[in-house]
Amino acid sequence: MKYKKFIWIFVAFIGLSCDRVQTDIGLNKAAHNGNIQKVIKLLSTGSNVNGKGWDGETPLHNASSAGHLEIVQLLLVNNAQINPICWGKTPVDRAKNPEIENLLRQHGGKTAEELKATKNGSKYQ
């Protein structure tokens with residue numbers, strides 16, 4: 001019982017950090033682990049391409065940060081949101097290598113700072 005207060009504080013913190021309304025832990029795990037066959041299977045059976053994992057990140061965040069270029073491509077072809085923000089980072093922020101960053105940018109990907117500058121009326125394009 002002494003941990004109950006800590007758990008509620010942690011849950012509240014997670015809830016404030018990311019939009020976790022739609023979860024899809026299986027797809028997020030497969031994207032992070034680089035299991036392209038499982039990603040294909042899950043997408044073909046109706047998994048939400050933008051579903052959040054336990055930490056609030058999307059499959060695109062996970063594939064990008066783990067360096068799985070083919071999975072990033074597959075998620076983009078399946079209409080993954082290009083600039084979701086979680087923990088203050090977009091998939092471009094989390095890109096493990098330049099190939100992934102370039103691919104994301106070709107599809108309109110931006111860093112969280114770039115999005116913020118654009119939102120605030122900056123001349124950033």
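Before the first entry, a definition: the axes I use are lines fitted to C-alpha atoms, for helices over the stretch in contact, and the angles run from 0 to 180 degrees between N-to-C directions. I also keep in mind that this is a predicted model.

**Entry 1: α4 and α5.** I looked up this pair and found a packing angle of about 155°, with the axes 8 Å apart. An angle over 145 degrees counts as roughly antiparallel. α4 is therefore roughly antiparallel to α5. I noted the hand as well: α4 passes α5 in a left-handed crossing. Which residues meet here? From α4 I listed Pro59, Leu60, Ala63 and Ser64, and from α5 Ile71, Val72, Leu75 and Leu76. Sorting the residues of this contact gave me seven nonpolar, one polar and no charged.

**Entry 2: Asn62.** I stayed in helix α4, where Asn62 has its place. Is Asn62 buried or exposed? Its relative accessibility is 10%, and buried means under 20%, so I put Asn62 down as buried. Next I asked what Asn62 touches once its neighbours within four places in sequence are left aside. My list reads Asn28, Ala31, His32 and Glu57.

**Entry 3: α2 and α3.** I moved on to helix α2, residues 25-33, and helix α3, residues 36-44. Their packing angle is about 155°, and their axes lie 8 Å apart. I therefore wrote them down as roughly antiparallel to each other. The crossing of α2 and α3 is left-handed. On the α2 side the contact is made by Gly26, Leu27, Ala30 and Ala31, and on the α3 side by Lys38, Val39, Leu42 and Leu43. These residues of the α2 and α3 contact divide into six nonpolar, one polar and one charged.

**Entry 4: α7.** Last, I went to helix α7, residues 98-106, and asked which of its residues are buried. I found Ile100, Leu103 and Leu104. Looking down the axis of α7, I saw these buried residues fall within an arc of 95°, so they line one face of the helix. I then looked up what covers the buried residues of α7, and the cover includes α4 (59-66), α5 (69-77) and α6 (91-94). That took me back to the pair from my first entry, α4 and α5, which pack at about 155°.

Conventions:
Residues are numbered from 1 along each chain as its sequence is written. This is a predicted model: local features need pLDDT of at least 70, side-chain atom pairs count only at pLDDT 80 or more; totals for chains, interfaces and linings use all residues. Side-chain values use heavy atoms; hydrogens and water are left out. Helices (H or I, at least four residues) and strands (E, at least two) are DSSP runs, numbered from the N terminus. Angles under 35 degrees count as roughly parallel, over 145 as roughly antiparallel, 65 to 115 as roughly perpendicular and the rest as oblique. A crossing is left-handed if the near helix is turned anticlockwise from the far one by less than a right angle, and right-handed if clockwise. Contact means heavy atoms within 4.5 Å. Ala, Val, Leu, Ile, Met, Phe, Trp, Tyr, Cys and Pro count as nonpolar, Asp, Glu, Lys and Arg as charged, and the others, Gly among them, as polar. Buried means under 20% relative accessible area, exposed over 50%, partly exposed in between (1.4 Å probe, protein chains only). The arc is that of the directions from the helix axis to the C-beta atoms.
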